Amino acid sequence: MGFRDKVVYQIYPKSFQDSNSDGWGDIQGIISRLDYLQKLGINYIWFNPMIVSPQRDNGYDVADYRNFDPRYGTMEDFEELSREAAKRGIGLMFDMVFNHTSTEHEWFKKAMAGDEKYKKYYIFRKGKGPGVPPNNWQSKFAGPAWEYVEKYDEWYLHLFDVTQADLDWTNPEVRQECADIVNYWISKGVHGFRFDVINLISKASFEDDPNNYDGRQFYTDGPREHEYLQELNRNSFGQDPEHLTVGEMSSTTIDNCVRYANCDGRELDMVFSFHHLKVDYKNQMKWELQPMDFMRLKELFVQWQVGMQEADAWNALFWNCHDQPRSISRFGNDKEYRKESGKMLATALHMMRGTPYIYQGEEIGMPNAYFTDISQYVDVESTNIFKVLKEQGKSEEEIYHILQERSRDNARTPMQWDDSPNAGFTDGTPWIQAAGSYKTVNVKGTLEDPDSIFVHYQKLIEMRKTLPVVQEGIYVPMLEDHPKVYAYERRTEDDSLIVINNFFAEETEVDVNLEGYEVYLSNYADTKTDSHLVLRPYESVIFRKKA
Ligand code: GLC
């Protein structure tokens with residue numbers, strides 16, 4: 001497993017660095033920041049889509065899989081990026097959005113123009129009656145998952161926005177097109193791939209959801225899912241010895257993930273699952289707030305760590321991405337304990353078994369955007385839900401509070417490089433406003449601080465590169481009943497790490513046998529090895545014992 005010593009950094013290109021003052025991040029901007037990423041020590045960059053898209057869902061509505069959106073740059077810019085990244089030992093990962101295309105894609109346009117071949121690329125069905133869609137499924141971005149097309153007196157399926165039409169993977173031509181797209185990017189020197197919502201491509205049936213929920217039980221981890229992934233693997237990246245793949249798995253199960261990401265290499269290298277990022281959803285509902293259920297978070301970590309390990313399968317580890325609010329605001333404390341909690345969250349995650357992903361800005365402790373007006377939000381999901389919650393009778397104040405906690409735009413504001421206007425992201429007008437925190441939380445300030453969150457990430461990345469116990473050690477849960485502490489051991493024959501994390505702003509005590517152990521890394525300067533530990537707010541320690 002060539003990637004167990006590697007760490008991936010996620011760039012949201014639209015918000016990373018603008019080089020030509022159009023308020024939009026671009027490839028040249030990314031090139032200008034590669035030295036920063038090399039300093040951090042990461043091995044791969046995963047880019048959210050930079051290909052042609054009407055941007056209704058920021059690039060996840062693909063209109064052309066093979067060409068860059070000119071706002072990001074050209075193929076020549078990309079080739080330069082590829083060379084410059086390689087010089088710094090950094091590999092590139094692209095996002096493949098294969099569950100759906102934009103309705104602006106030529107396939108969909110042909111389908112709408114009456115071309116039977118392309119109509120079969122999508123999922124068109126008859127309604128249950130006049131004006132009644134084929135079933136009661138709901139789009140993940142609110143509203144029905146079907147759109148009526150008068151010309152055919154049929155409806156097309158869109159699990160996401162109405163402009164994101166689902167592809168029909170039962171059609172072998174669709175599967176071949178997707179494999180060809182992967183091969184095209186391999187020919188351009190891309191060896192890493194992240195497959196967007198890839199566990200939704202096999203729809204089991206099109207019946208009504210009996211629970212009147214959104215229908216996910218009929219299209220998640222569907223019956224032909226593993227077959228499709230194995231075929232895609234055989235016909236594309238599986239032939240590339242350098243490949244690195246990760247699947248985004250929506251509402252999935254361990255039983256499926258041990259197959260998706262089994263180390264036998266038949267499907268993918270690793271998977272993102274999201275259960276740990278729902279522990280603050282009330283009744284599993286994204287738009288209903290509750291404080292994090294810490295015991296549930298621990299339980300999920302243990303289940304996924306142990307479950308995947310037992311089956312020799314591999315997790316992708318992450319707190320943040322472009323779809324999630326900032327972890328420091330969510331699971332840490334972005335006010336009086338920003339540094340302590342930022343480092344604690346990093347340690348808790350990076351020492352687990354799996355491949356860590358860092359989302360831009362996480363390494364400097366960027367908090368949520370805390371926007372106060374709907375005009376500041378851009379994300380289609382947020383603007384849709386704003387309307388829905390209003391219709392449900394919630395006050396604007398309540399809705400803003402919810403969006404400040406949950407909106408995807410919390411992660412999408414410009415990368416905070418310095419304290420100049422627009423956080424140093426652009427000297428034009430940014431496509432989305434910078435978050436107010438940039439005056440105090442920014443890369444420039446961070447790099448001047450020897451005790452920064454950034455320095456802590458550097459150390460964790462270095463540990464993964466150099467310590468076999470971090471790469472290969474088994475994961476053993478500890479202190480499972482402790483109400484404030486998440487702890488575990490990583491162990492090989494001749495090495496052991498005990499990782500202890502206080503997830504709260506209050507002191508808490510733990511008893512652990514630490515005979516023979518020494519402090520290896522802590523987020524407090526003066527942590528001592530003691531089998532009775534009084535942990536300070538968000539204190540997080542790695543103890544090590546070598547045989
Ligand atoms: C994934 C992406 C998200 C996008 C959705 C639809 O969840 O990460 O940003 O909106 O798929 O493509």
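Trainee: So a polar contact is a pair of N or O atoms within 3.5 Å; within protein, one must be able to donate a hydrogen and the other to accept it, and residues adjacent in sequence count only if both atoms are side-chain atoms. What is the distance for aspartate 196?

Mentor: 2.8 Å, from an N or O atom of the aspartate 196 side chain to an oxygen of the ligand. Mind that this is a predicted model: local features need pLDDT of at least 70, side-chain atom pairs need 80 or more, and totals for chains, interfaces and linings use all residues. Residues are numbered from 1 along each chain as its sequence is written, and side-chain values use heavy atoms, leaving out hydrogens and water.

Trainee: What about arginine 194 and glutamate 248?

Mentor: For arginine 194 it's 3.0 Å to a ligand oxygen. For glutamate 248 it's 2.9 Å. The protein covers 96% of the ligand's 310 Å² of accessible area (Shrake-Rupley method, 1.4 Å probe).

Trainee: Which residues come nearest to the ligand?

Mentor: Asp57, His100, Asp196, His322 and Asp323, out of 14 around it (a heavy atom within 4 Å). The shell has four nonpolar, three polar and seven charged residues.

Trainee: New topic. What are the domains?

Mentor: The domain assignment gives domain 1 (8–100 + 193–200 + 248–456), domain 2 (106–166) and domain 3 (471–545). Domains 1 and 2 each give the ligand shell at least three residues.

Trainee: And how many residues of domain 1 touch domain 3?

Mentor: 27, in contact (heavy atoms within 4.5 Å) with 31 of domain 3. Their C-alpha centres are 28 Å apart.

Conventions. Ala, Val, Leu, Ile, Met, Phe, Trp, Tyr, Cys and Pro count as nonpolar, Asp, Glu, Lys and Arg as charged, and the others, Gly among them, as polar. Domain bounds come from an automatic or database domain assignment.
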